Amino acid sequence: MFFHPVFSPGFLRKLFHCIFVVVIASTLLFPAVQPAHAQTYEKELNIGAKSTLTITNRNGRVSVIASDDEDLKPLLQATSPGAPIEPRDVSVSGGEITVRERPAKDRIDLTVRVPARTRVKIESESGMVDVIGNLALAEVITNTGTIHADVPLDDVRFKFLWQASRPRFLSDVELPKVKEGRAGSYSISGKLGAGAKKSKDKKKELPTAEADGDSTQPPDDSEDGNGKKPDDEKKAAKEKLVQLNLTTQRGVILLNVDPSMAPNDLRERPLTEAARAIVRSGDGPLIDAIRKVSPRLFGDYASTLPPPREEPALVTMRPPGDVATRVAPQLVRVTASVTDRNGRAIAGLRTSDFTITEGGAERKVVDVTPATEPFNLILLLDVSGSVEERIDFIRKAARDFLHTASPQDRIAIIGFRDDIQIISDFTTDRSLLSKKLDDFDAGGATSLYDALGYSLVHTLKPLRGERTAIVILSDGDDNRSFVPFPAILEATIESGALIYPLYVPSGLIPEGSVPKPTITVDPMRTRYLTITTRAAEEGQKLADVSGGVFYSIKRLEELQKAYDDVVAQLRTAYTITYSSEASATNRRLRVRTNREGASVRLSPAISAPKQ
């Protein structure tokens with residue numbers, strides 16, 4: 001069963017963001033939702049607004065959340081994934097909370113709810129620290145733990161200090177330049193919001209005062225136009241000021257950035273061609289992610305671009321997520337894929353197997369035929385350093401896919417490492433594609449998600465309204481992209497493209513070249529013959545949200561089977577024509593099939609001649 005409201009891109013983006021915020025908030029506010037073996041300890045705290053709270057927790061996570069709700073009582077909640085929490089494990093004395101050190105598997109995580117304008121001082125080693133809400137002061141010291149601050153930015157004074165490493169940070173607003181200190185330390189400090197504005201205003205006013213000979217003039221204590229004295233204004237300003245003093249040895253600092261939206265490489269670096277193309281595409285969430293990683297270089301490049309302009313009036317671009325095409329005054333057509341409980345395509349369905357409702361009213365299914373429109377396929381090839389020594393394998397694997405895909409499908413090949421390499425644009429000429437595979441270079445880091453973002457919002461953007469899919473051949477371990485995975489998920493949903501990740505462990509490739517693998521028994525090596533947990537989870541999510549299939553390749557001979565299956569999945573779709581009222585515009589479609597356990601996914605609408 002499938003329900004598809006035809007929403008606008010902006011609505012989808014806002015919906016995705018809201019769901020994301022709710023999930024994150026739930027994680028922080030209700031960490032008691034733990035596995036069955038988790039242990040929980042709660043205690044009310046006797047602290048008031050403007051109090052100072054000191055927390056020491058060496059290896060567990062600490063989350064301090066300030067609330068403006070005066071009815072909420074200060075509360076400490078401690079959880080552990082391991083051994084039960086005993087009273088002596090968490091010591092509370094006045095404004096001090098101390099957690100006894102325990103083994104990592106028995107670590108204790110704290111979530112502390114406090115009144116607004118509380119002052120907090122937190123000391124940790126490797127655990128993550130969150131300081132969230134309207135705090136008067138947040139002073140945090142860690143060794144390698146990430147520090148995540150999410151505070152009002154109306155008036156902030158801050159100092160971020162890295163004592164033993166180069167800065168790694170991500171900010172929702174542009175920060176001053178990094179300053180290098182003694183003994184390999186680095187810092188960023190300054191003011192944001194009203195504090196920063198006042199500093200600029202003072203600098204502007206100073207020359208004038210000196211020119212008039214009034215630089216030593218005493219301050220004016222007269223009332224302003226609103227009847228407020230300067231002392232009252234200072235007091236009001238102090239009530240809004242947030243001070244952030246964040247110190248770490250080698251950790252990451254995030255300012256008003258969701259931790260899950262941080263990319264794998266936080267170093268500010270020049271924009272790649274993939275990143276530049278994404279900036280030109282106009283895709284808001286992806287552009288925002290790039291801006292946060294490299295704000296100055298992003299600004300320099302964005303300033304060179306002409307103002308965005310609308311598509312010419314004569315060009316019809318289907319919005320993302322548009323799944324229906326009116327082919328006659330009373331007829332509408334949709335393209336559907338039907339899969340079983342295991343995600344496998346179901347073939348051989350007929351008109352009697354489908355039921356369609358539109359706006360709650362059942363419509364007559366007029367015709368169901370196998371979809372025959374060709375696909376626009378992008379083959380994304382990982383040519384990074386992790387496969388540099390196996391480049392012949394990559395070329396052979398790519399050629400095998402070219403020979404497996406249907407002749408009418410148009411294929412483009414894009415390689416990725418530190419940046420993208422356009423190996424070939426869309427064509428049906430298989431011999432040309434095969435020849436182009438000799439032209440790319442290998443080596444460097446892996447920017448999988450930048451390449452995927454480039455493919456979605458640049459290469460496939462002109463093809464909205466046609467059938468599109470991306471086949472990824474990689475080990476799935478991204479380590480250099482500007483764009484984080486959650487932003488790629490959103491772009492995938494809006495694009496309507498099917499994603500087929502074929503993830504091959506880099507350690508598996510050379511095993512095929514060993515003449516007699518039974519001669520050498522190397523137990524250690526088997527550790528590297530699997531896909532990493534993160535890569536597998538993210539590959540599965542890409543397939544799930546797009547309607548594709550994730551393939552975790554464990555043996556080389558499985559690769560050709562995966563190719564065959566991808567082609568079969570692409571070809572097993574149905575064009576469904578049904579009766580519709582001519583006045584129906586914002587259609588809310590529900591497409592069902594009578595096959596038990598089956599699910600239906602509607603692909604982007606396909607341009608078709610009227611009947």
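Predicted model: local features only at pLDDT ≥ 70, side-chain atom pairs only at ≥ 80, totals over all residues.
**Aromatic pairs**

Phe158 is buried at 5% relative accessibility. Phe160 is buried too, at 1%.

Next I checked Tyr503 and Phe550. Their ring centres are 5.4 Å apart and their planes stand at 80°, so I wrote the pair down as edge-to-face. This pair links distant parts of the chain, 47 residues apart. Tyr503 is in strand 28, while Phe550 is in the loop between helix 11 and strand 29. I found both Tyr503 and Phe550 buried.

**Charges over rings**

I then looked at arginines over rings. Arg269 lies over the face of Phe482, 4.1 Å from the ring centre. The charged end of Arg395 sits over the ring of Phe440, at 4.6 Å from its centre.

**Salt bridges**

I searched the whole structure and found 25 salt bridges. One of them pairs Asp288 with Arg291, with the closest N and O atoms 2.6 Å apart. Both residues lie in helix 5, three residues apart, which is about one turn of the helix. Asp288 is partly exposed at 28%, and Arg291 is partly exposed at 23%.

I also looked up Arg399 and Asp438, whose closest N and O atoms are 2.9 Å apart. Arg399 is in helix 7 and Asp438 is in the loop between helix 8 and helix 9, so this bridge ties together parts 39 residues apart in sequence. Last, I traced a network: salt bridges with shared partners join Asp265, Arg267, Arg269, Asp418 and Arg480.

Methods. Residues numbered from 1 in each chain as written. Heavy atoms only, no water. Buried < 20%, exposed > 50% of the residue type's maximum accessible area, 1.4 Å probe, protein only. Phe/Tyr/Trp six-rings, centres within 6.5 Å; stacked < 30°, edge-to-face > 60°. Helix = DSSP H or I, 4+ residues; strand = E, 2+ residues; numbered from the N terminus. Lys NZ or Arg CZ within 6 Å of the ring centre and 35° of its normal. Salt bridge = Lys/Arg side-chain N within 4 Å of Asp/Glu carboxyl O.
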